[in-house]
Amino acid sequence: VLGIWSCIVFFFVHFNGFAVQETITTPLVQDWFEWGEVSANLLFVFAGVTNLVCAMLLSYLSAPRDYNARASEAASRFSGDS
C-alpha cells in the first residue's frame with residue numbers, strides 16, 4: 001500500500017511540474033510578487049529538477065522486483081499469514 005501511495009504522490013509532483021508550473025506559476029509570480037524574469041525561470045528550473053527526480057523515483061519504485069520466495073514464505077509464517 002505504501003508503494004501505491006508513493007507512486008501516486010510522485011506522479012502528482014511529476015504532473016505538477018509540467019502543467020501547473022509552466023502555465024500558471026511562472027506568470028503568477030512575475031505579476032503578483034514582481035519577480036524578475038530570471039527569478040521566475042529559476043523557479044521553473046527548480047521545479048523541472050524536482051520533476052526529474054520524482055520521475056526517476058517513480059520509475060524505480062514501479063519496476064518489477066525479484067524476490068526471494070523462501071524469505072517471503074518465512075516472513076509469512078512468522079507473521080501468521082497463511
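This report walks through the fold, confidence, surface and a few residues of a predicted model.

## How to read the model

Residue numbers start from 1 along each chain, in the order its sequence is written. Because the model is predicted, local features need pLDDT of at least 70 and side-chain atom pairs count only at pLDDT 80 or more, while totals for chains, interfaces and linings use all residues; side-chain values use heavy atoms, with hydrogens and water left out.

## Overall fold

The chain has three helices and zero strands, and its elements follow the order α-α-α from the N terminus. Helices here are DSSP runs of H or I with at least four residues, strands are runs of E with at least two, and both are numbered from the N terminus.

Of the 82 residues in the chain, 15% are buried. Buried means under 20% relative accessible area, exposed means over 50%, and partly exposed lies in between (1.4 Å probe, protein chains only). Among contacts (heavy atoms within 4.5 Å) between residues at least 6 apart in sequence, 57% join residues at least 24 apart.

## Confidence

The predictor's confidence in each residue is given as pLDDT, from 0 to 100. Its mean for the chain is 77, and 79% of the residues reach 70 or more. Helix α2 has the highest confidence, at a mean of 82, and helix α3 (residues 69-79) the lowest, at 67. Where pLDDT is low, the predicted coordinates should not be read in detail.

## The surface and helix α2

The chain exposes about 6,800 Å², with 68% of that supplied by carbon and sulfur atoms. These areas come from the Shrake-Rupley method with a 1.4 Å probe, and for residues only the protein chains shown count as cover.

A nonpolar patch of about 750 Å² is made by Val45, Val49, Leu52, Val53, Met56, Leu57, Tyr60 and Leu61. Patch residues have over 30% relative accessible area and no salt bridge; like charges are joined within 9 Å, and nonpolar side chains (Val, Leu, Ile, Met, Phe, Trp, Tyr) within 5 Å. A salt bridge is a side-chain nitrogen of Lys or Arg within 4 Å of a carboxyl oxygen of Asp or Glu.

Leu52 sits in helix α2 (residues 37-62) and is exposed, at a relative accessible area of 53%. Leu57 is also in helix α2, but counts as partly exposed at 34%. The C-alpha atoms of Leu57 and Phe10 are 7.5 Å apart, although 47 residues separate the two along the chain.

Thr26 belongs to helix α1 (residues 2-32). Its relative accessibility is 11%, so Thr26 counts as buried. Leaving out residues up to four places away in sequence, Thr26 touches Gln21, Ala40 and Phe44.
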